[in-house]
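Colleague: I'm new to this one, so please walk me through it piece by piece. Start wherever you like.

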Amino acid sequence: MAKKRPQTKAKPQLIDGEIPVVGAREPCPCGSGRRYKACHGRAAAHAATELVHRPFEGLPGECDWVALRELVPAATAELTLRDGLPEGVPSVTLATVLPMAWPALRRDDGSILLGLQNDTASGDISRDLADTLLRALEAEPGTPVQGRRAPAEGPRLQDLLDPEGAFRPVVHSGFEFWVPDAENATPEVAASLERANAAAIPTVRLSGVDAAYWCETPEKNHLRWVMPHPEEQLLDALARLHAAGRSSLGEGTRLVGSFRAHGLTVPVWDLPSGISAKDVEQPAAEFAERLAAALAVAEPLTPEERRARGGLTNRQVTLS
């Protein structure tokens, strides 16, 4: 006897964009008869939480975006919108952090400060920031923008910012950029600025190489350098230089490991406390030339280079 073919029901056909978001346990509006969380809500939740490995990829200055997100206490950068500034918005400025950890602030004059170091509700920082920026453009002057979960299909920064626009971070010694006139701030604001400034680690962006940041700590100074190269290729190149005794930035300095942050690798050097940002400019430029040569080498690592690579890999710390 031939087997009966299983009965199948035609699945309701709706365009995802037409399906409203309802409670997770409510019937899905598509008419499937299942709960929303087990039907169209599943895709929406996945889109909202899926981790984007390199959220700033494709933006001008990707390495500096990573640095300002993870390494630099106080910095700003002017942003250029793809479609230009709307009427009543004189400027849009990215800031590492804002007062009260606001995601964004629409100032009294209509200008916008967009905070970068805030917690985000999804796995795509770029989409969350784009949502915050769009809401800031619509906010009333003189009001902050609160955080929320960005729509799963909403635009990303890569959709809103000019791909040809320059990204030039300005590192500040403190957070006076929060207020237009810090010298005449109220006592409460002045006290808040004083507390924030006291916690900021002195940081300087090197001028001779891209995305390298010197910072001062009580015991020693450091250079943290965000690099765009694929991680495996970069670790091989660093290992070749390390094994050859050519990975330092001068006497008393040493390559101690690296961070992983938003899909990029950030080598870190220990520097003696007497070495300033100016002192490390030339050694960093010379190291960049050595690194470029090492990146071009295609031969397998020697046993000594493999040991050096293993040591560098064991001293990696993931920031994001």
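**A strand inside**

Modeller: Let's start with strand S9, residues 221-225: five of its five residues are buried, so the strand is largely enclosed by the rest of the structure. Buried means under 20% relative accessible area, exposed means over 50%, and partly exposed is in between, using a 1.4 Å probe and protein chains only. Helices (H or I, at least four residues) and strands (E, at least two) are DSSP runs, numbered from the N terminus.

Colleague: Where does the model come from, and how are residues numbered?

Modeller: This is a predicted model, where local features need pLDDT of at least 70 and side-chain atom pairs count only at pLDDT 80 or more, while totals for chains, interfaces and linings use all residues. Residues are numbered from 1 along each chain as its sequence is written, and side-chain values use heavy atoms, with hydrogens and water left out.

Colleague: Back to S9, then. Which way do its residues point?

Modeller: Asn-221, Leu-223 and Trp-225 point one way, His-222 and Arg-224 the other, and all are buried. In a regular strand, side chains alternate between the two faces of the sheet.

Colleague: Which strands does S9 pair with?

Modeller: S8, residues 212-216, pairs with S9 in the antiparallel sense over five bridges. Strands count as paired if DSSP finds at least two bridges between them. A four-residue hairpin joins S8 to S9, and Cys-215 stands opposite His-222 in S9. S9 also runs antiparallel to S11, residues 264-271, with four bridges joining them. There, Leu-223 has Trp-269 in S11 as its bridge partner.

Colleague: What sheet do these strands belong to?

Modeller: An open sheet of six strands, ordered S7-S8-S9-S11-S10-S12, with mixed pairing. S7 (203-205) and S12 are the edge strands, each pairing on one side only. From one strand to the next, the twist averages 25°. Angles run from 0 to 180 degrees between N-to-C directions, and axes are lines fitted to C-alpha atoms, for helices over the stretch in contact.

Colleague: How do S10 and S12 run, parallel or antiparallel?

Modeller: S10 and S12 run parallel, joined by three bridges. Phe-259 has Val-317 in S12 as its bridge partner.

Colleague: What packs on that sheet?

Modeller: Helix H7, residues 277-295, packs on the sheet and touches S7, S8, S9 and S11, with its direction at about 40° to that of S9. Contact here means heavy atoms within 4.5 Å. Helix H6 lies across S10, S11 and S12, running at about 25° to S11.

Colleague: Now helix H8. How many residues does it have?

Modeller: H8 (residues 303-314) has twelve residues. Its buried ones are Glu-305, Ala-308, Arg-309, Gly-311 and Leu-312. Seen down the axis of H8, the buried residues fall within an arc of 160°, so they line one face of the helix. That arc is taken from the directions from the helix axis to the C-beta atoms.

Colleague: What do those buried residues pack against?

Modeller: Helix H6 (231-243), strand S10 (254-261) and strand S12 (316-318). On the face turned away from the buried side, H8 carries the exposed residues Arg-307 and Asn-314.

Colleague: Let's change topic. What's the strand order in the other six-strand sheet?

Modeller: That open sheet runs S5-S3-S4-S2-S1-S6, and its pairing is mixed. S5 (143-145) and S6 (170-171) stand at the edges with a single partner strand each, so one side of each is left without a neighbour in the sheet. S3, residues 104-106, runs antiparallel to S5 with three bridges, and Arg-106 stands opposite Thr-143 in S5. Helix H3 (residues 125-138) packs on the sheet, touching S2 (92-95), S3, S4 (112-115) and S5, and its direction makes about 160° with that of S4.

Colleague: Pick a residue in H3. Is Leu-133 buried or exposed?

Modeller: Leu-133, which lies in helix H3, counts as buried at 1% relative accessibility. Leaving out residues up to four places away in sequence, Leu-133 touches Leu-81, Val-92, Ile-112, Leu-114, Leu-160 and Leu-161. The C-alpha atoms of Leu-133 and Ile-112 are separated by 8.3 Å, with the two residues 21 apart along the chain.

Colleague: And the whole chain: how many helices and strands?

Modeller: The chain has eight helices and twelve strands. Of its 320 residues, 43% count as buried.

Notes:
The expected span of a helix is 1.5 Å times one less than its number of residues.
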